[in-house]
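The following paragraphs lead the reader through a structure, beginning with the place where its chains meet. Please keep the sequence and the model in view while reading.

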Amino acid sequence: MADLRSKMLGRKYTFTGRAMIDGQGALLMADSFKSSETDLAETANEVREKWGVFA
Amino acid sequence: MYVAGVIERLERRDTERGPMFSGAVRDPTGLHLWSVGSFRPELHIEMEELVAKFESGDRFLMACIGKSNHYTTEDGGFRCRMQMEDYAIIDRDTYAGWLVETADHTMRRIDALGKAQSAESTDANALRDAGVPKDLIDGLGLAMNHYGEWDPEGYKVGVLQALSAAEGRVVSFEEHEANETLGARWCARQCFRASSRRTGNRF
């Protein structure tokens, strides 16, 4: 579990499937699950353009 | 809640209920405190290893998940600490991705605040008519009724620093957080002092 946690926590993923949500949180029943990392510099630039935040 | 940053404090204390670990991670907006209590014994072995690593001089990036715990200090100050439920040691790319995503969400909230401050009142209908996103209406209404007028400029400084860090303009996140936070701290203190003068709360 620790190894799985270290590989996955904090990273972005895309999944398709169902979600069961209650007061305790969300349980994802995934049919597909894959990493969705993007280009950081490009994404940061998109955020800057979107909100007009430039140094 | 989820926070991530460079580890800055980490220590073990022995209490009546067993060992307790407390620490803090620093990001562009400041310091985030957390603790691991007796109800998470499965994390204690890992915490012992991290304490040894920290005390040997190692600095690392850490992502933490847990529940917020608010308390008031003896002098009336308000503090927020996380009761950690899980964590991971993360790499630069993971941290940088988190910074960009958080910057985006923070600017969305700041934009919503600007719209809310132009609304006729803080009730839900007025905020909706002012263009505040539906999912932010309830929280913004509560926040504005509690804190009154509020200047988000300090958080914009954090957003700019986070984006710069994520774009690779820093050599080391550890050095970056230690040096750049001085500016963010000053801005945040100004905002907090202005807020405390208005609300009577002290930080």
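Contact here means heavy atoms within 4.5 Å. In this predicted model, 28 residues from chain B and 18 residues from chain A take part in the contact between the two chains. Together, chain B and chain A bury about 1,900 Å² between them, with 63% of that area on carbon and sulfur atoms.

Polar and charged groups also take part in the interface. Three salt bridges are found across the interface of chain B and chain A. A salt bridge joins B:Glu167 to A:Arg48, with 2.9 Å between the closest N and O atoms. Across the interface of chain B and chain A there are also six residue pairs in polar contact, both residues being at pLDDT 80 or more.

On the side of chain B that touches chain A, the elements giving two or more residues are β4 (61–72), β5 (78–90), α2 (92–117) and α5 (153–166) of chain B. The largest share of this side, eleven residues, is supplied by α2(B). Sorted by class, the side of chain B that touches chain A holds 15 nonpolar, three polar and ten charged residues.

Attention now turns to chain A. Its secondary structure consists of two helices and two strands, arranged α-β-β-α from the N terminus on. The radius of gyration of chain A is 16 Å, well over the 10 Å that the globule rule gives for 55 residues, so chain A is more spread out than a compact globule. Its C-alpha trace spans about 40 × 25 × 20 Å along the principal axes. Of the 55 residues in chain A, 13% count as buried. Among the contacts in chain A with a separation of 6 or more, 11% come from residues 24 or more positions apart.

Conventions
Residues numbered from 1 in each chain as written. Chains lettered and ligands numbered in written order. Predicted model: local features only at pLDDT ≥ 70, side-chain atom pairs only at ≥ 80, totals over all residues. Heavy atoms only, no water. Buried area = accessible area lost by both parts, 1.4 Å probe. Salt bridge = Lys/Arg side-chain N within 4 Å of Asp/Glu carboxyl O. Polar contact = N/O pair within 3.5 Å; in protein donor to acceptor, adjacent residues only side chain to side chain. Helix = DSSP H or I, 4+ residues; strand = E, 2+ residues; numbered from the N terminus. Nonpolar A, V, L, I, M, F, W, Y, C, P; charged D, E, K, R; others polar. Rg over C-alpha atoms; globule rule 2.2 N^0.38 Å. Buried < 20%, exposed > 50% of the residue type's maximum accessible area, 1.4 Å probe, protein only.
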